[in-house]
Amino acid sequence: MNFYRCLICCDVYMGQEKPSNCPYCGAKDRYLVNASEWVDENSGINTLSELSKRNLEEALQLEINNTPFYRDAMSKSRDIELQSVFKYLSKIEAEHASTIRKILKCELPIPEKGREVAKDNDIENLKAAHIREKAAAAFYKKAAVDAAEPRVKKVFTALSEIESDHVTLEEKLLKER
């Protein structure tokens, strides 16, 4: 049995082989290292630039808004596959919020009113998810460029890649329906 630790969310995975993505936050396998080699990069952050702090706070609110949206979409869907997709996305977004919170060393905010509510229609929820994920991927890509701190740059880069994977998934699901 092998133990791998994610450089983004810091969670541990146990398995025979390294997975292609972190099962907790969705980061690509290049962010998974042998647990014995892992170093807590968050502990080295003493101060954040104002821009990084603002971007992290915006990212945290975005993830906090998306988590209950996906949970609500899951509960309203009658399609087993989409229920699974929405549940998966809700868990990933919650993990992203937790990751960002660790960097900011803050409490989790509450979702913005109305941003957490899904429609009663799967297609509308997939379209809304697609818009959210595209915006997140673009924002994270820019935030990675803007970040002064290596840890923040790494996290935003990984989040941009993860959200881009979600965009691809949603495009596939929209074409199938």
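What follows covers the nonpolar cores, the rings and the cysteines.

This is a predicted model, so to speak of local features takes a pLDDT of at least 70 and side-chain atom pairs count only at pLDDT 80 or more, while totals for chains, interfaces and linings use all residues. Residues are numbered from 1 along each chain as its sequence is written, and side-chain values use heavy atoms, with hydrogens and water left out.

**Nonpolar cores**

- A nonpolar core here is a set of buried Ala, Val, Leu, Ile, Met, Phe, Trp, Tyr and Cys residues joined through side-chain atoms within 4.5 Å; buried means under 20% relative accessible area, exposed over 50%, and partly exposed in between (1.4 Å probe, protein chains only).
- The largest core has 35 residues, and Cys 6, Ile 8, Cys 25, Ala 27, Tyr 140 and Phe 156 touch the most other members.
- At least two residues of this core come from each of β3 (32-34), α1 (50-76), α2 (80-104), α3 (122-146) and α4 (150-176); helices (H or I, at least four residues) and strands (E, at least two) are DSSP runs, numbered from the N terminus.
- The top giver to this core is α4, with six residues.
- Another core lies apart from it, with eleven residues, including Phe 69, Leu 82, Leu 89 and Leu 126.
- Setting aside neighbours within four places in sequence, Ala 27 is in contact (heavy atoms within 4.5 Å) with Cys 6, Ile 8, Ser 20, Asn 21, Cys 22 and Ile 162.

**Rings and charges**

- Rings of Phe, Tyr and Trp (its six-membered ring) pair if their centres lie within 6.5 Å, with planes under 30 degrees apart called stacked, over 60 edge-to-face and the rest tilted; that gives five aromatic pairs.
- One of them is tilted: Phe 139 and Tyr 140, at 5.7 Å centre to centre with 50° between the planes.
- Both Phe 139 and Tyr 140 are buried.
- Phe 69, Tyr 70 and Phe 86 are linked into a cluster by ring pairs.
- A charge sits over a ring if NZ of Lys or CZ of Arg is within 6 Å of the ring centre and within 35 degrees of the ring normal; Arg 132 does this with Phe 69, at 3.9 Å from the ring centre.
- The charged end of Arg 5 is over the ring of Trp 38, 3.6 Å from its centre.

**Cysteines**

- There are zero disulfides in the whole structure, a disulfide being a pair of cysteine sulfur atoms within 2.5 Å.
- Cys 9 counts as buried, at 1% relative accessibility.
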